[in-house]
Amino acid sequence: MHTGKQLSTEIDATVPTAARMYDYYLGGKDNYAADRAAVEELDKVVPSTRRLALNNRRFLQRVVRTLTQEYGIRQYLDHGSGLPTQDNVHQVAQRVDPTTHVVYVDNDPMVSVHGRALLEQDERTVVIQADMRDTDGIFGHSETQRLINFDEPVCVLFNSVFHCIPDSDTDGPSAVANRVRERLAPGSFMVMCQLVSEDPKVREFVTDFMDQATQGHWGRVRTEKDVEVLFDGLEILEPGLVEVSTWRPDTDVAPRQLSQEWIEFGGVGRLPS
């Protein structure tokens, strides 16, 4: 199991991070030249990535709105939350019910700095710096304990983050998902999606590129079957496991992921009551 080694509090502007690259794709300002250069290189081979990032963000917003409105979820634990952008989890959920509690988790020190500044006026929302694999540290954190009651249903988010961690018997996506699931009350939800490609060349290129660009802070692009395994034993909400722009779109003309060199694939699972 992940031991929760000491995380850096230093922000290195010369090494791209997935969080800052994602921020740039979403039109944010919390990124550096190294992040923008990495994005430009990535776009040469997988040009649909900006649309993919935007569609993934919209998926997250639809999921949170749906679970808050239709299923009464009032607690969210967001692993690998990334930099604060417009319409974060807490904003979407608290529009439905202002009493909703949200805990964001990210290992990027820049996320921690910006998150604390943004959220210092909100007692129901907090950002903690931790590795998403450090389940004990996250669940045992004083702020998590303050805001989340694990005897009641909670939504745990792993939104577009599992591709950032390597395969491992103890720390890979399946191990992390299983560890978290064991701690959740019946009726809780798990939202999981990641970058996948059925093209081995795309998987190899992006995996190698991101591993080198982020200096090892990357896992791999996987296949749809790899993601499906994560949902074993969960009741999967309609429309099932899908390319995320097709998960309960707001309208028939909502943006779709048209290019298929890689896609964001996943869905929402519920722990049986």
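At 6% relative accessibility, His90 counts as buried (buried means under 20% relative accessible area, exposed over 50% and partly exposed in between, with a 1.4 Å probe and protein chains only). The model described here is predicted, so that local features need pLDDT of at least 70 and side-chain atom pairs count only at pLDDT 80 or more, whereas totals for chains, interfaces and linings use all residues. Residues are numbered from 1 along each chain as its sequence is written, and side-chain values use heavy atoms, with hydrogens and water left out.

His90 lies in helix α4, residues 89–96; helices (H or I, at least four residues) and strands (E, at least two) are DSSP runs numbered from the N terminus. The side chain of His90 forms a polar contact of 2.7 Å with the side chain of Tyr104. A polar contact is a pair of N or O atoms within 3.5 Å; within protein, one must be able to donate a hydrogen and the other to accept it, and residues adjacent in sequence count only if both atoms are side-chain atoms. When neighbours within four places in sequence are left aside, His90 is in contact with Val102, Tyr104, Leu119, Asp122 and Thr125, contact meaning heavy atoms within 4.5 Å. The C-alpha atoms of Arg57 and Tyr22 are separated by 9.9 Å, although the two residues are 35 residues apart along the chain.

Helix α9 spans residues 200–213 and has 14 residues. From its first C-alpha to its last, α9 reaches 20 Å, close to the 20 Å expected at 1.5 Å a residue; the expected span is 1.5 Å times one less than the number of residues. At the N-terminal end, α9 is capped by Asp199, a side-chain oxygen of which lies 2.9 Å from the backbone nitrogen of Lys201. The buried residues of α9 are Val202, Val206, Thr207, Phe209, Met210 and Ala213. An α-helix has 3.6 residues a turn, so residues three or four places apart point the same way. The cover over the buried residues of α9 includes α1 (18–25) and α2 (33–45).

The axes of α2 and α9 are 11 Å apart, and the two helices pack at an angle of about 170 degrees. Axes are lines fitted to C-alpha atoms, for helices over the stretch in contact, and angles run from 0 to 180 degrees between N-to-C directions. Helix α2 is therefore roughly antiparallel to α9; angles under 35 degrees count as roughly parallel, over 145 as roughly antiparallel, 65 to 115 as roughly perpendicular and the rest as oblique. Ala38, Glu41, Leu42 and Val45 of α2 meet Phe205, Val206, Phe209 and Met210 of α9 in this contact. By class, the contact has 7 nonpolar, no polar and 1 charged residues, where Ala, Val, Leu, Ile, Met, Phe, Trp, Tyr, Cys and Pro count as nonpolar, Asp, Glu, Lys and Arg as charged, and the others, Gly among them, as polar.

The axes of α1 and α2 come within 9 Å and cross at roughly 75 degrees, and these helices are therefore roughly perpendicular to each other. The contact involves Arg20, Met21, Tyr24 and Tyr25 of α1, together with Asp35, Arg36, Ala38, Val39, Leu42 and Asp43 of α2. Its composition is 6 nonpolar, no polar and 4 charged residues.

Thr214 is found in the loop between α9 and α10 (224–229) and is buried, with a relative accessible area of 1%. Residues up to four places away in sequence not being counted, Thr214 touches Val15, Pro16 and Ala18. The side chain of Thr214 reaches the backbone nitrogen of His217 at 3.2 Å. Gln215, in the loop between α9 and α10, is exposed at 60% relative accessibility and takes a positive phi of about 55 degrees.

Further backbone features occur elsewhere. Most residues other than glycine have a negative phi, and most peptide bonds are trans. Ser160, in the loop between β4 (155–159) and α8 (173–181), has a positive phi of about 60 degrees although it is not a glycine. A cis peptide bond, with omega of about 10 degrees, joins Glu238 and Pro239; Pro239 lies in the loop between β6 (235–236) and β7 (242–243).
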